[in-house]
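Subject: Structure for you, with notes on side-chain contacts

Hello,

Here is the structure I said I would pass on. My notes on it follow below.

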Amino acid sequence: MSRPGDSRNPSLVVGVLASCGLVVSFMQTLVVPLIPAFPRLLDTTATNASWVVTVTLLAAAVVTPVSGRLGDLYGKRRVVVGSLVLLILGSVLCALTSSLALMIVGRALQGLAMGIVALGISIMRDEIPPERVGGAVSLMSATLGVGGALALPIAALVAENLDWHVLFWGSSALGAICLALILFAVPESPVRTPAPFDYLGTLGLAAGLICLLLPIVKGGEWGWGSGITLGLAAASVVLLLLWGWYQLRRRDPLVDLRVSARRPVLFTNLASILVGFALYAMFLSFPQLLQAPTATGYGLGLTMLVAGLCLMPNGLVMMLLSPVSARLTTRFGARSTLMIGSAVIALGYVFALFLLDNAFELIAASVIIGAGVGITYAAMPSLIMGAVPLSETGAANGLNSLMRSVGTSTSSAVMSTMLANMTITVGAVTAPSLTGFRATFVVAGVAALAGIGFTALVPKTRKETGELVAA
């Protein structure tokens with residue numbers, strides 16, 4: 001099997017893994033343009049149709065730390081291959097059906113591939129020459145935001161001009177291409193952790209996360225004070241506490257909570273939640289503002305496709321700034337880079353708060369936010385991998401990706417509730433008010449600033465030795 005420095009081309013390995021990251025990230029927003037039409041397309045209610053989005057989010061959150069641990073135990077490339085097979089199967093199933101139940105199963109299978117991003121980062125650490133790891137990890141991490149941004153206009157174009165099943169045939173084809181490239185270009189990592197897999201810990205984490213995320217995602221629909229919302233929230237607390245107690249007493253846990261409690265890991269993960277929150281606030285609010293009727297006095301009345309195209313530069317900037325983030329990390333350290341990126345995100349929301357009179361100004365604000373997200377997403381894995389043993393990079397990166405998912409899920413619930421309760425009516429159309437949009441910008445900007453605060457609690461690192469010193 002191939003090893004670092006052999007005939008494998010590091011640039012090819014990085015390119016293939018980053019492409020896989022983009023493809024699995026596409027799945028996050030692939031169906032967003034179809035949400036209003038799903039009740040008709042799937043012959044169901046709007047409430048039931050929302051599970052087509054929710055199930056992917058839940059599956060991705062549950063599988064990310066689990067796939068990372070499986071990669072540490074049994075081989076990261078092997079788990080990437082298995083994840084792509086699930087993505088292809090889920091895509092084909094969605095392409096062949098108009099049944100809600102089968103669509104939910106297919107979308108869950110697509111979500112189970114999200115662990116590829118964290119696994120790709122860990123493979124890069126194992127296989128890429130040390131001097132190239134920073135830039136490679138930055139690129140791979142940025143795909144989490146880039147894929148979601150680029151998928152919006154692509155999905156809107158297909159939804160407006162072709163049969164909606166084409167979206168899933170396309171995703172299955174992309175998955176098959178990625179699978180072939182992984183088998184051809186990416187070697188299996190020699191780094192393994194000889195230990196049994198924690199099946200009970202996996203079940204406990206899955207149950208706890210589902211009970212945690214369901215009220216966050218569906219609370220606005222069910223009612224924040226309803227029995228099911230409060231019951232699931234209480235159950236999540238009990239389950240996750242029991243899971244943590246079990247993990248601390250197990251010799252080979254699914255997630256080493258002692259390592260996760262180290263200051264660099266803990267506060268980086270807390271900052272990740274807030275950055276994910278700030279990112280998704282843009283994805284949720286900007287398209288609605290761009291598409292709001294001009295009769296509101298502030299809406300721009302753009303079509304779904306044009307609004308999606310307006311957000312494309314955001315994704316491209318995330319990708320282009322990944323090498324810049326790597327250079328910033330080399331020059332100033334990952335801690336300072338994460339703080340810089342969070343400050344840029346906050347600046348973008350300040351820009352949007354005062355300058356939203358035309359599409360160009362909103363594009364500029366989204367580009368600034370995207371630049372900040374690209375910098376922060378690229379810096380986070382460097383902080384995580386500098387604080388955990390080599391044998392636990394898969395699980396640690398998976399947990400960090402999970403924290404970002406918790407942030408985006410929370411943002412979805414908070415921002416949707418704010419915009420739904422701060423509306424105006426123009427003729428027969430009810431739309432979020434200008435005050436509502438500005439309120440979301442303020443909340444997202446404050447979240448980014450809070451991310452700076454958590455990052456400041458991460459110990460500084462001497463780049464020459466990697467030794468941690470007091471912050």
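Is Phe454 buried, partly exposed or exposed? Phe454 is partly exposed, with a relative accessible area of 28%. In these notes, buried means under 20% relative accessible area, exposed means over 50%, and partly exposed lies in between (1.4 Å probe, protein chains only).

Before the rest, some ground rules. This is a predicted model, in which local features need pLDDT of at least 70 and side-chain atom pairs count only at pLDDT 80 or more, while totals for chains, interfaces and linings use all residues. Residues are numbered from 1 along each chain as its sequence is written, and side-chain values use heavy atoms, with hydrogens and water left out.

Aromatic pairs

The whole structure contains 7 aromatic pairs. Rings of Phe, Tyr and Trp (its six-membered ring) pair if their centres lie within 6.5 Å; planes under 30 degrees apart are stacked, over 60 edge-to-face, and the rest tilted.

One of the pairs is Phe197 with Tyr199: the ring centres are 5.0 Å apart and the planes stand at 80°, so this pair is edge-to-face. Phe197 is buried at 10% relative accessibility, whereas Tyr199 is exposed at 62%.

Phe454 pairs with Phe267, and with centres 6.4 Å apart and planes at 20° the two rings count as stacked. This pair links distant parts of the chain, since Phe267 sits in helix H13 (residues 263-291) and Phe454 in helix H19 (residues 434-456), 187 residues apart. Helices here are DSSP runs (H or I, at least four residues), numbered from the N terminus. Phe267 is buried, at 16% relative accessibility.

There is also a cluster, in which ring pairs link Phe38, Trp164 and Phe168.

Salt bridges

The structure has 2 salt bridges, a salt bridge being a side-chain nitrogen of Lys or Arg within 4 Å of a carboxyl oxygen of Asp or Glu.

In one of them, Asp198 meets Arg250, with the closest N and O atoms 3.6 Å apart. The partners come from distant parts of the chain, 52 residues apart: Asp198 lies in the loop between helix H9 (166-185) and helix H10 (199-222), and Arg250 in the loop between helix H11 (227-249) and helix H12 (257-260). Asp198 is buried at 2% relative accessible area, while Arg250 is partly exposed at 23%.

Lys76 and Asp72 also form a salt bridge through their side chains, at 3.8 Å from N to O. Lys76 is buried, with a relative accessible area of 0%, and Asp72 is buried with a value of 0%.

Regards

Notes. Helix = DSSP H or I, 4+ residues; strand = E, 2+ residues; numbered from the N terminus.
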